[in-house]
Amino acid sequence: MTITLNPQYVIDKKQKTKAVLLSIEEWEEVLDALEELDDIHAYDAAKSGDLKSIPFDQAVREIEAEYKS
């Protein structure tokens with residue numbers, strides 16, 4: 001995924017960059033790309049065996065218990 005950005009920079013009196021402004025459309029593209037990257041990392045971790053697997057029913061019980069507390 002290629003993102004084309006047209007950032008605008010906020011600078012201080014000493015010409016130091018302090019912030020970046022993006023259009024809302026560009027920001028949403030960045031967020032989408034970050035979410036996709038997070039999904040890829042999660043997939044890679046699952047495939048590498050770093051995560052232990054548990055039965056679906058147990059996962060549901062643990063999630064429900066977490067929400068109840």
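Helices (H or I, at least four residues) and strands (E, at least two) are DSSP runs, numbered from the N terminus. This is a predicted model, in which local features need pLDDT of at least 70, side-chain atom pairs count only at pLDDT 80 or more, and totals for chains, interfaces and linings use all residues. Residues are numbered from 1 along each chain as its sequence is written, and side-chain values use heavy atoms, with hydrogens and water left out.

Next, show the C-alpha trace. The trace spans about 55 × 30 × 25 Å along its principal axes. Of the 69 residues, 3% are buried (buried is under 20% relative accessible area, exposed over 50%, partly exposed in between; 1.4 Å probe, protein chains only).

Now select Ile24, Trp27, Leu31, Leu34, Leu37 and Ile40, which make a nonpolar surface patch of about 540 Å². Patch residues have over 30% relative accessible area and no salt bridge; nonpolar side chains (Val, Leu, Ile, Met, Phe, Trp, Tyr) are joined within 5 Å, like charges within 9 Å. A salt bridge is a side-chain nitrogen of Lys or Arg within 4 Å of a carboxyl oxygen of Asp or Glu.

Zoom in on Ile40, in helix α1 (residues 24-48). Ile40 counts as partly exposed because its relative accessibility is 41%.

Then select Glu25, Glu28, Glu29, Asp32, Glu35, Glu36, Asp38 and Asp39, which form a negative surface patch (Asp and Glu count as negative). Stop at Asp38, found in helix α1. Asp38 has 52% relative accessibility, so it counts as exposed.

Definitions and conventions
Areas by Shrake-Rupley, 256 points an atom, 1.4 Å probe, with all protein chains shown as cover. Charge placed at Lys NZ, Arg CZ, Asp CG, Glu CD.
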